[in-house]
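Dear colleague,

Please find the structure below, handed over for your review. My notes on it follow directly after.

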Amino acid sequence: PYYNEPRVIEPYFLIFDNECQSNFIFCYCEQTKTYRNYRLSEIRPILVLQQQFEKEKTEYIEKVRTNFDPFLSFGKELKVKLTEKGEKLFEKNLLHRPEIIKREEETITFECSAKQAKYYFSKFLDNVEIIEPKELRDWFQEKAGKINEIYNSAKQNK
């Protein structure tokens with residue numbers, strides 16, 4: 001999506017992601033005060049400012065470059081439970097599939113950001129249970145509740 005208001009960013013590197021077949025710019029965004037990836041095809045006119053940034057360059061930037069993914073999942077963990085069908089879906093759905101860190105009994109820990117989890121696991125419907133982080137579990141629960149309301153409302157209107 002295009003952003004309506006201008007963004008002031010401190011760019012660190014450009015990178016091509018084979019999986020997305022897109023170019024990204026990794027940067028620090030002054031408006032959000034976070035590190036971000038922006039897809040170059042979604043950037044409108046660019047102005048180069050002669051502004052000096054006071055952000056300290058960290059080893060984090062090099063780690064992101066080395067372990068690049070468009071969702072910035074490096075160092076972020078997600079714990080889920082998958083049903084048997086969920087396991088099969090995980091094996092088949094390769095695009096943007098998060099990396100498994102470890103398996104413990106019924107729980108799988110992935111290296112996965114919230115944005116990647118929403119994108120990847122939403123299509124699993126009732127074949128995945130998000131365990132942690134709690135905010136993401138709450139997001140999935142809220143969305144499932146809204147879906148339930150839609151279908152219950154449709155039943156009542158028949």
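Glu 132 and Lys 79 are joined through their side chains by a salt bridge, at 3.9 Å from N to O. Because Glu 132 belongs to strand 7 and Lys 79 to strand 4, this pair ties together parts that are 53 residues apart in sequence. Glu 132 is partly exposed, with a relative accessible area of 39%, and Lys 79 is also partly exposed, at 23%. Please note that this is a predicted model. The count of salt bridges in it comes to twelve.

Another of these pairs is Glu 87 with Arg 103, whose closest N and O atoms are 3.0 Å apart.

Lys 146 is partly exposed at 39% relative accessible area, as is Glu 142 at 43%.

Turning to the sheet, four strands form an open arrangement in the order 5-6-4-7, with antiparallel pairing. Strand 5 (99-104) and strand 7 (128-132) are the edge strands, each pairing on one side only. On average, neighbouring strands of this sheet are turned by 30 degrees against each other, direction ignored. Strand 5 and strand 6 (residues 107-111) run antiparallel and are joined by five bridges; Arg 103 stands opposite Ile 108 in strand 6.

Two helices lie across strands of this sheet. Helix 2 (residues 84-92) lies across strand 4 (77-82), strand 5 and strand 6, at about 125 degrees to strand 4. Helix 3 lies across strand 4, strand 6 and strand 7, at about 25 degrees to strand 4.

Within helix 3 (residues 114-121) is Gln 116, which is buried, with a relative accessible area of 5%. Beyond its neighbours within four places in sequence, Gln 116 is in contact with several residues, including Asp 69, Phe 71, His 96 and Arg 97.

Finally, the surface carries a nonpolar patch formed by Leu 14, Leu 40, Ile 43, Ile 46 and Val 48, with about 490 Å² of accessible area together. Leu 14 is located in strand 1 (residues 9-17) and is exposed, with a relative accessible area of 58%.

With kind regards

Definitions and conventions
Residues are numbered from 1 along each chain as its sequence is written. This is a predicted model: local features need pLDDT of at least 70, side-chain atom pairs count only at pLDDT 80 or more; totals for chains, interfaces and linings use all residues. Side-chain values use heavy atoms; hydrogens and water are left out. Patches are made of residues with over 30% relative accessible area and no salt bridge: like charges are joined within 9 Å, nonpolar side chains (Val, Leu, Ile, Met, Phe, Trp, Tyr) within 5 Å. Accessible areas come from the Shrake-Rupley method with a 1.4 Å probe; for residues, only the protein chains shown count as cover. A salt bridge is a side-chain nitrogen of Lys or Arg within 4 Å of a carboxyl oxygen of Asp or Glu. Buried means under 20% relative accessible area, exposed over 50%, partly exposed in between (1.4 Å probe, protein chains only). Contact means heavy atoms within 4.5 Å. Two strands pair if DSSP finds at least two bridges between them. Axes are lines fitted to C-alpha atoms, for helices over the stretch in contact, and angles run from 0 to 180 degrees between N-to-C directions.
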